[in-house]
Amino acid sequence: MVSSLFYDKGGVRITKTIFEVPSGTQYQIKNIDSVSILKEDPNRKGPLICILVGVLLLAAYGLGLIFIGLGIWW
């Protein structure tokens with residue numbers, strides 16, 4: 001029985017009595033009145049600086065591929 005389904009996305013399910021995570025583990029909870037969702041955009045300043053340093057080093061010394069790869073991975 002699903003009572004008051006608040007959230008169901010990506011394997012995470014929240015009802016008034018149960019919090020379930022993608023591994024299938026369920027946690028008993030009670031008396032939830034409301035749920036809010038917070039969306040936070042990632043900060044891309046660090047990777048962009050790393051790629052820029054890589055491009056400059058590539059032009060100067062030929063070592064920039066390491067920094068460009070690190071910035072893309074980041």
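How many helices and strands are there in the protein?

## Elements and their order

The protein has two helices and four strands. The model described here is predicted. Read from the N terminus, the elements follow the order β-β-β-β-α-α.

## Overall dimensions

The radius of gyration of the protein is 22 Å, whereas the globule rule gives 11 Å for 74 residues; the value is well over that figure, so the protein is more spread out than a compact globule. The C-alpha trace spans about 65 × 25 × 15 Å along its principal axes.

Of the contacts between residues at least 6 apart in sequence, 11% join residues at least 24 apart.

## Surface and charge

Of the 74 residues, 16% count as buried. The protein exposes about 6300 Å², and carbon and sulfur atoms supply 62% of this area.

Among the side chains, 7 are positive and 5 are negative. The centres of these two sets lie 2 Å apart.

## A look at Ser23

Where does Ser23 lie? Ser23 is in the loop between strand E3 (18-20) and strand E4 (26-28).

Is Ser23 buried or exposed? Its relative accessibility is 63%, and a residue counts as exposed over 50%, so Ser23 counts as exposed.

The side chain of Ser23 makes a polar contact with the side chain of Thr25, at 3.1 Å. Ser23 and Gly11 are twelve residues apart along the chain, and their C-alpha atoms are separated by 8.0 Å.

Note on methods: Residues are numbered from 1 along each chain as its sequence is written. This is a predicted model: local features need pLDDT of at least 70, side-chain atom pairs count only at pLDDT 80 or more; totals for chains, interfaces and linings use all residues. Side-chain values use heavy atoms; hydrogens and water are left out. Buried means under 20% relative accessible area, exposed over 50%, partly exposed in between (1.4 Å probe, protein chains only). A polar contact is a pair of N or O atoms within 3.5 Å; within protein, one must be able to donate a hydrogen and the other to accept it, and residues adjacent in sequence count only if both atoms are side-chain atoms. The radius of gyration is taken over C-alpha atoms; the globule rule is 2.2 Å times the number of residues to the power 0.38. Contact means heavy atoms within 4.5 Å. Accessible areas come from the Shrake-Rupley method with a 1.4 Å probe; for residues, only the protein chains shown count as cover. Lys and Arg count as positive and Asp and Glu as negative; His and the chain ends are not counted. The place of a charge is taken as NZ of Lys, CZ of Arg, CG of Asp or CD of Glu.
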